[in-house]
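Hello,

Here is the structure I said I would pass on. My notes on its side-chain contacts follow below.

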Amino acid sequence: VSFCSYRHYVHFKRRKTMNYGKKLMGAIVLSALMVPTLAIGQTSSQKVYTAPADVIEKIKAEGMGDRSQVMQLMSYLTDVIGGRLTNSPNMKRANEWTRDKMKSWGMTNAKLESWGPFGRGWSLKAFSAEVRSPQSFPVIAYPKAWSPSTKGTVTADVVFLNIKTEEDLAKYKGTLKDKIVFISPERKLDADFGGCGHRFTDEELQKMAEAPMPAPAGAPRPQGQGAPQMNPQMMERLQRMQLQAKALNMLVEEGAAVLVDNSGNGSGGTLFVSSAAVAQEVPANPMAMFGGGGGATRRLSAYQKEAEARMIPQMTMATEDYNRIVRMIGWGEKPQMTVNIQTQYHDDDLMGYNTVAEIPGTDPSLKEQLVMLGGHLDSWHGSTGATDNAAGCAVMMEAVRILIASGFKPRRTIRVALWSGEEQGLNGSREYVKQQFGEMKPGEPGAPPTLSKAANYDKLSAYYNIDNGTGRVRGVYMQGNPMVAPYFKAWLEPFGAGAKTLTISNTGGTDHLSFDRIGLPGFQFIQDPVEYDTRTHHSNQDNYDRIQAEDMKFNATVLAAFVYQTAMMNEQMPKKPM
């Protein structure tokens with residue numbers, strides 16, 4: 001997390017790199033065969049709607065056979081359009097292509113809806129990097145998003161900024177101008193005896209089923225416990241990040257040519273790359289850098305125009321190449337590199353856009369109500385954004401195509417939303433929810449926040465999200481709402497024992513949270529991790545070839561069935577208490 005703010009670090013770690021490890025730790029999984037119906041919110045008089053068997057079979061026939069189009073959608077989004085950084089030309093192209101594609105299927109109100117402003121776009125025009133001496137070899141690397149350009153092709157000495165204290169940093173003062181500066185430590189790589197790919201086992205799901213109910217957000221701490229204390233490990237991390245922030249300021253002030261960091265994950269040439277770092281004001285208290293401890297300062301994001309003057313060209317390098325160069329320096333060698341980074345900023349339109357389209361409802365009394373499904377269309381730029389998250393968008397588009405091709409006439413309106421700005425903090429979905437449904441507003445000092453409803457708050461029955469890669473759906477995160485369990489249990493039944501897991505726990509890091517945080521039923525599906533954390537998420541390997549076609553067909557079919565049944569039942573999906 002070199003030179004990143006703690007907030008960005010927490011977002012990155014919670015967001016997806018922990019989706020299938022620490023994020024699941026503490027999940028409550030309710031097996032459909034283990035939980036009595038009455039114990040999870042259903043009354044004896046309530047009858048759960050399920051579609052007729054022939055309807056489900058028709059959905060399966062359209063979605064899981066040769067008529068499926070989910071992989072064609074995947075290929076165009078990834079192979080043809082490619083990476084879709086928020087507000088980049090590729091993102092705008094993806095917005096327009098998905099709008100036009102859904103319109104061609106007969107969907108109505110297919111359009112781009114603006115939110116923001118967000119900030120400037122960015123695209124990579126040219127890039128190369130190699131070691132030139134004492135011997136020549138290419139390296140695997142990728143520029144960071146919103147990085148400025150180098151001054152043409154730069155050939156310069158490499159400096160390894162090996163700092164652990166303020167005194168270490170002082171030794172480099174006055175030596176960094178026009179240098180290519182390595183700012184991360186070596187990262188030890190272990191042999192991958194287990195392999196990158198993984199599917200959940202029954203034992204793993206059963207173990208999660210035995211976890212205790214998580215406390216609700218904002219619940220009082222147990223009696224006798226005070227405010228949580230910063231542990232020494234976290235304080236040490238914050239102090240190191242403060243030191244790194246000071247180092248970045250020195251690089252900018254002295255005019256270093258290129259900043260290079262070590263990929264924080266991956267091996268075998270896989271690297272994980274996201275946003276360029278911006279030199280920020282560094283307060284004396286390390287907690288104040290990240291919004292705590294008093295004295296917090298406004299922090300610039302790389303996509304803000306005024307941040308350009310506080311950045312230098314920068315790239316992330318694959319660990320094997322990075323480590324080798326650092327070890328060469330340790331042996332007294334003085335490597336030189338040649339780097340060319342040519343980028344372009346796009347300032348003509350600072351707004352962000354979501355793509356939306358609808359299948360109109362047909363029931364006079366219910367057609368104004370909504371069932372929504374979606375995923376985020378934006379991606380990082382190091383590859384083509386396949387598992388993160390063209391997969392989710394292709395599944396959602398395919399789900400509605402299945403319903404249209406099957407000739408179904410839903411009672412409620414079904415609306416697809418393909419978000420942008422998710423990678424920068426759920427921006428597109430958050431602003432959409434604020435516009436359409438409402439927001440939580442701060443209360444008086446000492447009082448809880450209050451819900452301010454917008455016009456359509458009471459019209460939304462449910463929102464379904466996919467954003468955990470290519471893996472097969474295994475169940476649903478219920479977000480602390482046990483009342484939805486009878487519905488999800490019944491709707492998963494036709495898809496076999498492999499997809500029956502319900503967890504009462506919350507899962508974070510993606511767009512269903514924009515709905516859930518204001519009390520609307522918003523759900524993310526449990527998926528097999530496959531290679532998500534180990535190979536594809538935010539990496540240079542997030543491409544079409546990592547996608548599992550049969551999983552994608554299955555997921556689109558499950559989503560079509562869920563969305564159809566939500567649109568057809570008499571009642572809305574039950575909301576959990578705020």
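Is Glu62 buried or exposed? Glu62 is buried, with a relative accessible area of 8% (buried means under 20%, exposed over 50% and partly exposed in between, with a 1.4 Å probe and protein chains only).

This is a predicted model, in which local features need pLDDT of at least 70 and side-chain atom pairs count only at pLDDT 80 or more, while totals for chains, interfaces and linings use all residues. Residues are numbered from 1 along each chain as its sequence is written, and side-chain values use heavy atoms, with hydrogens and water left out.

Salt bridges: the count is 25, where a side-chain nitrogen of Lys or Arg has to be within 4 Å of a carboxyl oxygen of Asp or Glu. Glu62 pairs with Arg67 at 2.8 Å, N to O, and Arg67 is partly exposed at 48%.

Another salt bridge joins Arg546 and Glu531, with the closest N and O atoms 2.8 Å apart. Arg546 is partly exposed at 24%, whereas Glu531 is buried at 11%. Through shared partners, salt bridges join Glu62, Arg67, Glu398 and Arg401 into one network.

Nonpolar cores (buried Ala, Val, Leu, Ile, Met, Phe, Trp, Tyr and Cys residues joined through side-chain atoms within 4.5 Å): the largest has 72 residues, and Tyr464, Phe488 and Met573 touch the most other members. Apart from it lies another core of 23 residues, including Phe182 and Val258.

Disulfides: the count is zero, taking a pair of cysteine sulfur atoms within 2.5 Å as the rule. Cys393 is buried at 0%, and Cys196 is partly exposed at 21%.

Regards
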